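Student: I would like to learn how to read the features of a structure one by one. Where do we start?

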Amino acid sequence: MDEAREQAVTDEVIASFAGTKDERLKEIVESLTRHLHGFAREVRLTQEEWTAGIEFLTRVGHITDDRRQEFILLSDVLGLSMLTVGINAPASTEATQSTVFGPFFVEGAPEIELGGDIAFGAKGNPCWVTGSVRAVDGTPIPGAHLEMWEADEDGFYDVQYEGDVTAGRGWLTADDDGGYRFWSVLPSAYGIPDDGPVGDMLAATGRGTMRPAHLHFKVDAPGYRTLITHIFVAGDEHLDRDAVFGVKDSLVADFPEHPAGTAPDGRVLDGPWNSVNFEIVLEKA
Ligand code: BEZ
Ligand code: FE
């Protein structure tokens with residue numbers, strides 16, 4: 001096919017969307033067509049490569065279910081998730097930065113009291129997490145809803161365990177001053193799931209699968225933009241090569257280790273434990 005005939009195919013497809021009533025949908029499908037066709041033209045896509053691509057996406061769909069989201073993982077390793085986070089970043093530089101959501105958030109996690117423990121049996125050094133939620137102008141946000149989730153010390157989320165287990169996740173409500181505190185386990189670095197098509201793609205391209213240790217947060221409060229973020233553990237060797245490009249300097253925090261003894265909430269620990277403080281700043285919706 002010569003250039004003009006290739007362009008004619010693209011033009012015909014774009015014209016087919018002319019009647020789309022929703023202007024935003026029209027913009028998206030037209031642009032998608034332009035870029036998808038441009039990609040095929042640029043790499044001179046062969047029939048076999050097209051088939052391989054379709055088979056790859058079919059595998060991504062087949063392996064996805066309620067507890068595994070291979071499409072999100074694909075978006076993450078292609079950097080599309082972080083690009084979208086960046087495009088939609090809060091205008092204020094004071095607000096806490098967002099990062100990738102990832103595939104391991106689960107609706108309906110258990111509620112914990114302030115000062116409670118999200119470990120629910122997840123293995124790892126106990127970690128005392130404190131902070132507060134406030135607006136960009138410093139006003140505390142009482143009653144903010146915080147959801148947290150994390151991998152255990154072996155680098156696995158509960159949804160990767162055998163059976164229907166809940167561990168390393170929970171939610172709480174900030175106090176009247178926007179303060180929050182809870183126990184968790186010290187986050188560990190882990191490899192993203194590599195036993196599916198996304199793992200095959202990373203292997204074929206010689207890319208790593210590791211994510212630096214982190215604790216996930218999703219913070220909601222009426223009138224404010226939802227914040228989806230993590231805190232990363234300072235000093236982790238994978239901070240400069242996160243498989244999903246999620247690290248931002250402002251989200252890296254110290255998790256100092258303390259000897260056995262009494263923690264700030266009176267809990268007595270017979271082994272070492274860690275702590276971290278994370279101040280959360282939300283932007284108005
Ligand atoms: C996560 O942090 O849970 C995650 C993010 C992206 C891909 C895989 C895991
Ligand atoms: Fe994670």
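Tutor: We start with two terms. Contact means heavy atoms within 4.5 Å. Helices (H or I, at least four residues) and strands (E, at least two) are DSSP runs, numbered from the N terminus. This is a predicted model, in which local features need pLDDT of at least 70 and side-chain atom pairs count only at pLDDT 80 or more, while totals for chains, interfaces and linings use all residues. Residues are numbered from 1 along each chain as its sequence is written, chains are lettered from A and ligands numbered from 1 in the order in which they are written, and side-chain values use heavy atoms, with hydrogens and water left out.

Student: Against which helices do the buried residues of H6 pack?

Tutor: Buried means under 20% relative accessible area, exposed over 50%, and partly exposed in between (1.4 Å probe, protein chains only). In helix H6 (residues 197–204), Pro197, Val198, Gly199 and Leu202 are the buried residues. They pack against helix H3 (47–63) and helix H4 (70–77). After H6 comes Gly206, with a positive phi near 70°.

Student: In what order do the strands of the open sheet lie?

Tutor: Two strands pair if DSSP finds at least two bridges between them. Here five strands make an open sheet with mixed pairing, in the order E3-E2-E7-E8-E9. Strand E3 (169–173) and strand E9 (252–253) are at the edges with a single partner strand each, so one side of each has no neighbour in the sheet. Strand E2 (residues 145–149) runs antiparallel to E3, joined by five bridges. Met148 has Gly170 in E3 as its bridge partner.

Student: Why is strand E13 described as largely enclosed?

Tutor: Four of the five residues of E13 (residues 273–277) are buried, so the rest of the structure largely encloses this strand. E1 and E13 run parallel and are joined by four bridges; Val129 has Val276 in E13 as its bridge partner. Strand E10 (residues 257–258) pairs with E13 in the antiparallel sense over two bridges, and His258 stands opposite Trp273.

Student: Which residues touch the most other members of the largest nonpolar core?

Tutor: In soluble globular proteins, nonpolar side chains tend to be buried together. A nonpolar core is a set of buried Ala, Val, Leu, Ile, Met, Phe, Trp, Tyr and Cys residues joined through side-chain atoms within 4.5 Å. The largest one has 32 residues, of which Leu146, Tyr180, Phe182, Phe217 and Ile280 touch the most other members. At least two core residues come from each of strand E1 (126–135), E2, strand E4 (179–185), strand E7 (214–220), strand E8 (227–233) and strand E14 (280–282). Another core, of 20 residues, lies apart from it and includes Val85, Phe105, Trp149 and Tyr157.

Student: Which protein atoms are donors of the iron ion (ligand 2)?

Tutor: Donors are N, O and S atoms within 2.8 Å of the metal (3.2 Å for Na, K and Ca); water is not among the atoms, so sites may look incomplete. The protein donors are Tyr157 (OH), Tyr190 (OH), His214 (NE2) and His216 (NE2), at 1.9 to 2.1 Å from the iron ion (ligand 2). Tyr190 belongs to strand E5 (residues 190–191) and His216 to strand E7, so this pair ties together parts 26 residues apart in sequence.

Student: Are Tyr190 and His216 buried or exposed?

Tutor: Tyr190 is buried, at 5% relative accessible area, and His216 is buried too, at 3%.
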